[in-house]
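Hello,

Here is the structure I promised to pass on. Please open it first; my notes follow below.

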Amino acid sequence: FNTGSFPKGLSLMLGSMREWVYDRNPTDALKFEEPLAELKESIAQDGSKVFQDMAKEFLLDNSHRTTVEMFPSTTLEQEQLTEDKDRLPK
């Protein structure tokens with residue numbers, strides 16, 4: 001279980017907390033061997049189709065949508081400068 005340069009204990013703790021805050025068993029997050037074996041078996045059978053199916057299910061066929069509209073502020077810079085000037089000691 002390689003966490004790169006991230007401390008392994010901290011990684012395990014954060015994974016456990018992710019379960020615990022939703023009233024699930026915190027040790028379930030530490031039990032990755034069985035799901036990993038299932039994933040490896042699925043990849044061995046179907047190749048990379050596993051990830052294609054996941055992308056299709058969770059991204060392409062996902063019916064949840066949102067539209068975000070953003071409008072630039074023409075006075076933002078001046079507002080920030082005024083705020084900084086007011087906040088800094090004279």
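Start with one contact. Glu19 pairs with Arg24 in a salt bridge, and their closest N and O atoms lie 2.9 Å apart. Bear in mind that this is a predicted model.

How do the two partners differ in accessibility? Glu19 has a relative accessibility of 14%, so it counts as buried. Arg24 has 43%, so it counts as partly exposed. Side chains of opposite charge can pair when their charged atoms come close.

The salt bridge count comes to five. Two others among them are worth a look.

- Lys49 and Asp53 meet through their side chains at 3.0 Å, N to O. Both sit in helix α3 (residues 49-60), four residues apart, which means about one helical turn between them. An α-helix has 3.6 residues a turn, so residues three or four places apart point the same way. Lys49 is partly exposed at 42% relative accessibility, and Asp53 is partly exposed at 38%.
- Lys56 and Asp61 form a salt bridge at 3.1 Å, N to O. Lys56 is partly exposed, with a relative accessible area of 42%.

Now the overall fold. The protein chain has four helices and zero strands. From the N terminus, the order reads α-α-α-α.

Just after α2 comes Gly47, with a positive phi of about 70 degrees.

What about overall dimensions? The C-alpha trace spans about 65 × 35 × 30 Å along its principal axes. The radius of gyration is 23 Å, whereas a compact globule of 90 residues would have one near 12 Å. Buried residues make up 4% of the 90 residues. The chain exposes about 8600 Å², and carbon and sulfur atoms supply 58% of that area.

One surface feature deserves attention. Which residues form the nonpolar patch on the surface? They are Phe6, Leu10, Met13, Leu14, Met17, Trp20, Val21 and Tyr22. Together they have about 820 Å² of accessible area. Of these, Tyr22 lies in the loop between α1 (8-20) and α2. Tyr22 has a relative accessible area of 58%; the cut-off for exposed is over 50%, so Tyr22 counts as exposed.

Best regards

Technical notes
Residues numbered from 1 in each chain as written. Predicted model: local features only at pLDDT ≥ 70, side-chain atom pairs only at ≥ 80, totals over all residues. Heavy atoms only, no water. Helix = DSSP H or I, 4+ residues; strand = E, 2+ residues; numbered from the N terminus. Patch = residues over 30% accessible without salt bridge, like charges linked within 9 Å, V, L, I, M, F, W, Y side chains within 5 Å. Areas by Shrake-Rupley, 256 points an atom, 1.4 Å probe, with all protein chains shown as cover. Salt bridge = Lys/Arg side-chain N within 4 Å of Asp/Glu carboxyl O. Buried < 20%, exposed > 50% of the residue type's maximum accessible area, 1.4 Å probe, protein only. Rg over C-alpha atoms; globule rule 2.2 N^0.38 Å.
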